[in-house]
Amino acid sequence: MQRIIDFFLGNRLRLLFWCYLLIGIALTASENIYLKSSYLNTSSRLSGGIHLFFSGIGDYFSLASENKFLTTQNKVLMERLVAFEKYELNHDSTLMNKNFEFINGRIIKNSFTGIDNYLTLSLGEQDSVFTDMGVVNEKGLLGIIEFSGNSFSTVQSILHSKSKINVKVKGTDYFGSLVWNGKKPNNVQLIDIPDLAPIKKGDTIISGGMSSIFPENIPVGTIEDFKLTAAKNYYIIEVRLFNDMQNIGPVYVIKNHLKQEIKAVEKNTDE
């Protein structure tokens, strides 16, 4: 205690000087509008910057939960849209049940530069994902599950030389097959559309619903160009995909609850 008292007594003049200096600065700032404004602006910028910095950190770490919420909402909306469209087509309220279920997923690998491209998903049999299920995202069709392990699965992308998916020209009953010529990663080709079809550039291509894999009306892309085959009885149509296949984002695997029943009926018919 004595040392503290001795310190103040020994430095009383220096401490008194700093005390008077601080009082003088405070009085000057309170009377001088310019200094006061500069002080407040500097203080505001400093505190605002600090708040923005920590707010940005918080927003960054909340992105995962926000994305999960949005993908779940999209899943629900897509299921409702598919069910509603089926009801509208059939005018049968009993069809409003959800025959198609959409399972949220994430891409962990995506190839698009080769001839036979695949996606790898963070979903597998433990998530009720199996071979021959369709894969889409909010922009449109992506491919079909080729192999499913316990926790992961591979998807035969629509950018694959063996990919062949039933689609149609929206607003018509002209169906064809979606294939890929191995050239542009954001363009595929539509074949088997007869020359009688009234098509034009800009027309929308959607899933045809002629298989148990994809429901009808899943978006695919738009007609960019077309020409007749050598025999001049069918079109070869260039389709610009709605999806950027190099930047896909969250995906959904489509589970058709009636698929086994459909397969059983078809098998009995073939026999």
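Here is a short tour of a predicted model, stop by stop. Residues are numbered from 1 along each chain as its sequence is written, and side-chain values use heavy atoms, with hydrogens and water left out. Local features need pLDDT of at least 70 and side-chain atom pairs 80 or more, while totals for chains, interfaces and linings use all residues.

**The sheet.** Select the open sheet of 7 strands, ordered β1-β13-β4-β5-β6-β3-β2 with antiparallel pairing. Strands are DSSP runs of E, at least two residues, numbered from the N terminus; two of them pair if DSSP finds at least two bridges between them. Now pick β1 and β13 (residues 251-256): 6 bridges join them, and F100 stands opposite N256.

**I213.** Next, go to the loop between β10 (204-207) and β11 (219-228), where I213 sits. I213 is buried at 17% relative accessible area (buried is under 20%, exposed over 50%, partly exposed in between, with a 1.4 Å probe and protein chains only). Show its contacts (heavy atoms within 4.5 Å): leaving out residues up to four places away in sequence, I213 touches D132, M133, G134, I144 and I254.

**Salt bridges.** The structure holds 3, each a side-chain nitrogen of Lys or Arg within 4 Å of a carboxyl oxygen of Asp or Glu. Select E216 and K168, which meet at 2.4 Å, N to O. E216 is in the β10-β11 loop and K168 in strand β7 (residues 165-169), so the pair ties together parts 48 residues apart in sequence. K168 is buried at 7%, whereas E216 is partly exposed at 26%. Finish at D203 and K200, 3.0 Å apart, N to O: D203 is buried at 12%, K200 exposed at 53%.

Conventions
Helix = DSSP H or I, 4+ residues; strand = E, 2+ residues; numbered from the N terminus.
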